[in-house]
Amino acid sequence: MSARRSLVWLGLTPEPEQELPAAVAALRSPAAGRPPSALVAAERHRVEQLVLRGTQRGWLRYLREVTDLVVRAAGSRTNDPKAALLAGEVVLDHHRMLIGLPGAGYDRTALQRHELERALARLRDRPEPALVGPSEPWSTI
């Protein structure tokens, strides 16, 4: 590893590498519901490779992809918003923390922060799915 390679970006927070693989796999999955385990494993491997061998620039490119998935999910009524909410919150928190690091990462992610804030607001404003059956099951006893 080169002494010139900055690793300061790795110390921000472990949440992206812990939370994003399953959420991103769900967003990439063609079917609703739980994503296939192979898709989750592939996403986990990709994140692992970025963390172990990547650069901050490569990591931010990956988070740009995640941002695009979240924005797309916010505009779609067919997706379950849970994965998009989780991924969006994790990436937004990460991008907000970049302000404490040297370099231009925080400035480079300004547009993504704005896009994520808008997407998360849309996802949170979605009406809850209608309950099936009585909302108070004990009332029929």
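**Salt bridges and the helices around them**

A: In this predicted model, arginine 28 forms a salt bridge with glutamate 43, and their closest N and O atoms are 3.1 Å apart. Arginine 28 belongs to helix α1 and glutamate 43 to helix α2 (residues 37–53), so the pair ties together parts that are 15 residues apart in sequence. As background, side chains of opposite charge can pair when their charged atoms come close.

Arginine 28 also meets the side chain of glutamate 65 in a salt bridge, again given as 3.1 Å from N to O. This pair links distant parts of the chain, since glutamate 65 is in helix α3 and arginine 28 in helix α1, 37 residues apart. Glutamate 65 is partly exposed, and its relative accessible area is 29%.

A further salt bridge joins the side chains of glutamate 115 and arginine 64, at 2.5 Å from N to O. Here glutamate 115 lies in helix α6 and arginine 64 in helix α3, so the pair ties together parts that are 51 residues apart in sequence. Glutamate 115 counts as partly exposed at 22% relative accessibility, and arginine 64 is partly exposed too, with a relative accessible area of 24%. Salt bridges that share partners join Arg28, Glu43, Arg46 and Glu65 into one network, and a search of the whole structure finds seven salt bridges.

Helix α3 also holds threonine 67, which counts as buried at 0% relative accessibility. Leaving out residues up to four places away in sequence, threonine 67 touches Val91, Gln112, Glu115 and Leu116, and Glu115 is the residue that pairs with arginine 64.

From here we can turn to the nonpolar core. The largest one has 29 residues, and those that touch the most other members are Leu20, Leu27, Tyr62, Val66 and Val70. The elements that give two or more residues to this core are α1, α2, α3, α4 and α6, with α3 giving the most, nine residues. For valine 70, the contacts beyond its neighbours within four places in sequence are Leu27, Ala84, Ala87, Gly88, Leu116, Ala119 and Leu123. In soluble globular proteins, nonpolar side chains tend to be buried together.

Helix α4 (residues 81–97) has 17 residues and reaches 24 Å from its first C-alpha to its last, close to the 24 Å expected at 1.5 Å a residue.

The protein averages a pLDDT of 82, and 80% of the residues score at least 70. Among the elements, α6 has the highest mean pLDDT (96) and α5 the lowest (89). Over residues 131–141, by contrast, pLDDT stays under 50, and the model has zero contacts beyond four places in sequence for them.

Conventions: Residues are numbered from 1 along each chain as its sequence is written. Side-chain values use heavy atoms; hydrogens and water are left out. Helices (H or I, at least four residues) and strands (E, at least two) are DSSP runs, numbered from the N terminus. The expected span of a helix is 1.5 Å times one less than its number of residues. A salt bridge is a side-chain nitrogen of Lys or Arg within 4 Å of a carboxyl oxygen of Asp or Glu. Buried means under 20% relative accessible area, exposed over 50%, partly exposed in between (1.4 Å probe, protein chains only). Contact means heavy atoms within 4.5 Å. pLDDT is the predictor's confidence in each residue, from 0 to 100. A nonpolar core is a set of buried Ala, Val, Leu, Ile, Met, Phe, Trp, Tyr and Cys residues joined through side-chain atoms within 4.5 Å.
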